[in-house]
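Subject: Structure handover and notes

Dear colleague,

Here is the structure you were expecting, with its sequence. My notes follow below it.

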Amino acid sequence: MNILEVKNLNVGFNLSEGYRQAIYNVSFSLDKGEMLAIVGESGCGKTISTMSILQLLPESACVKSGEIIYNNENILSFNQKQMQKIRGKKIALIPQDPMTSLNPLYTIGNQLLEVIELHQGLKGQEAMDVAVKALERVKIPDAKEKMKAYPHEFSGGMKQRVIIAMALACNAEIIIADEPTTALDVTVQAQIMDILKEIKEKYNISIILITHDLGIVAQNADKIAVMYAGRIVEYAENKKLFENPEHPYTKALLNVILDINTKDVQTIEGHPPSITDDISGCPFHPRCSSCMDICTEIDPCLKYVQGSMVACHLYD
Ligand code: SF4
């Protein structure tokens with residue numbers, strides 16, 4: 001069942017050099033209990049696309065057009081008061097740095113109880129039980145005791161677990177996890193991903209995972225949107241994308257993983273365009289070994305290719 005649908009989203013920035021578009025006609029959907037990964041290099045638009053869902057864009061950014069349908073309503077048209085009922089309660093954010101969400105001056109328990117009271121209206125022992133249960137669900141040992149701890153007493157991985165517990169305590173339906181494991185070591189990364197996968201399966205929570213790490217995506221995501229220069233260039237089920245990628249950029253990203261596995265580290269030659277560059281044609285053409293004349297003139301649209309959605313003139 002479809003819980004969220006982003007339709008033809010266009011977002012730009014008002015910069016000193018004028019309006020610059022950052023997100024071009026981005027569309028994707030999320031089913032209940034599904035993990036959608038949005039992947040791509042830094043600056044490709046993954047975070048801007050998802051922050052649009054929560055209306056947490058920087059001041060200079062503006063949504064030019066599009067729809068974000070949640071529970072049959074276009075939440076892009078919601079005002080801040082309406083969004084407060086959704087943000088953190090129905091759609092929760094797990095940021096890269098958990099300290100952007102945790103207050104160092106208050107105990108973990110205080111902070112959990114505050115969100116439970118705010119979003120669920122529970123107080124006293126009832127709220128306490130929900131908080132302890134949420135910490136146990138994310139496998140924090142001695143949950144009751146840990147309620148008294150301050151964030152600095154927790155490791156990076158434990159702080160991320162607390163943020164996930166806050167989402168669970170509010171009965172969030174969707175979690176947006178923005179590079180949630182980037183700052184963690186590999187073993188802790190795997191533990192956090194295991195917890196996200198478990199809550200997705202056990203509680204039917206939908207997850208949007210933003211990452212540049214295709215290794216994590218391969219092991220955890222159900223569906224993948226590959227972004228480049230503010231566009232989705234390939235959109236496919238996990239198995240399809242990893243076994244049979246279609247877009248030259250996806251193929252290049254996968255080659256980078258393969259090379260890392262064989263310890264022969266390579267990167268994709270060249271750099272992605274910046275938002276202020278004037279791009280003509282396919283934005284990947286300066287880096288693409290399959291570039292044709294048409295690629296320098298016309299930006300390809302997404303179309304169905306062998307079970308994937310792909311934006312590339314090779315399939316015209
Ligand atoms: Fe390469 Fe052309 Fe496809 Fe762009 S449209 S990815 S330049 S082949």
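D316 is exposed, at a relative accessible area of 59%. Please keep in mind that this is a predicted model. The partner of D316 is K303, and the closest N and O atoms of this salt bridge are 2.9 Å apart. The two residues come from distant parts of the chain, with K303 in strand β11 and D316 in the segment after β12 (308-310), 13 residues apart. K303 itself is partly exposed, with a relative accessible area of 24%.

Other salt bridges

The structure has 15 salt bridges. One of them joins the side chains of D278 and R20, at 3.1 Å from N to O. This pair also connects distant parts of the chain: R20 belongs to strand β2 (residues 18-31), while D278 sits in the loop between α10 (248-261) and β11 (303-305), 258 residues apart. D278 is exposed, its relative accessible area being 71%.

A further salt bridge is formed by the side chains of R231 and D299, at 3.0 Å from N to O. R231 lies in strand β10 (residues 231-237) and D299 in the loop between α10 and β11, so parts of the chain 68 residues apart in sequence are tied together by this pair. R231 has a relative accessible area of 11% and is buried, whereas D299, at 31%, is partly exposed. For K303, which is partly exposed at 24%, the partner is D316 as described above.

There is also a network: K139, E198 and K202 are joined by salt bridges that share partners. As background, side chains of opposite charge can pair when their charged atoms come close.

Helix α7

The helix α7 consists of 18 residues. From its first C-alpha to its last, α7 reaches 26 Å, close to the 26 Å expected at 1.5 Å a residue.

Which residues of α7 are buried? They are Q189, I192, M193, I195, L196, I199 and K200. These residues lie on the same side of α7, because the arc they cover around the axis is only 150 degrees. The face turned away from that buried side carries exposed residues, namely V186, T187, D194, E201 and K202.

The buried residues of α7 are covered by several elements. Among them are the strands β3 (35-39), β6 (91-94), β7 (174-178) and β8 (206-211), along with the helices α6 (156-169) and α8 (214-220).

At the start of α7, the backbone nitrogen of T187 has a side-chain oxygen of D185 within 3.2 Å. Just after α7, N204 adopts a positive phi of about 60 degrees.

K200

Is K200 buried or exposed? Its relative accessibility is 5%, and the cut-off for buried is under 20%, so K200 counts as buried.

What does the side chain of K200 meet? It makes a polar contact with the side chain of D222, at 3.0 Å. D222 is also listed among the contacts of K200 once neighbours within four places in sequence are left aside; the others are G33, E34, M35, I205 and I207.

Regards

Technical notes
Residues are numbered from 1 along each chain as its sequence is written. This is a predicted model: local features need pLDDT of at least 70, side-chain atom pairs count only at pLDDT 80 or more; totals for chains, interfaces and linings use all residues. Side-chain values use heavy atoms; hydrogens and water are left out. Buried means under 20% relative accessible area, exposed over 50%, partly exposed in between (1.4 Å probe, protein chains only). A polar contact is a pair of N or O atoms within 3.5 Å; within protein, one must be able to donate a hydrogen and the other to accept it, and residues adjacent in sequence count only if both atoms are side-chain atoms. Contact means heavy atoms within 4.5 Å. Helices (H or I, at least four residues) and strands (E, at least two) are DSSP runs, numbered from the N terminus. The expected span of a helix is 1.5 Å times one less than its number of residues. The arc is that of the directions from the helix axis to the C-beta atoms. A salt bridge is a side-chain nitrogen of Lys or Arg within 4 Å of a carboxyl oxygen of Asp or Glu.
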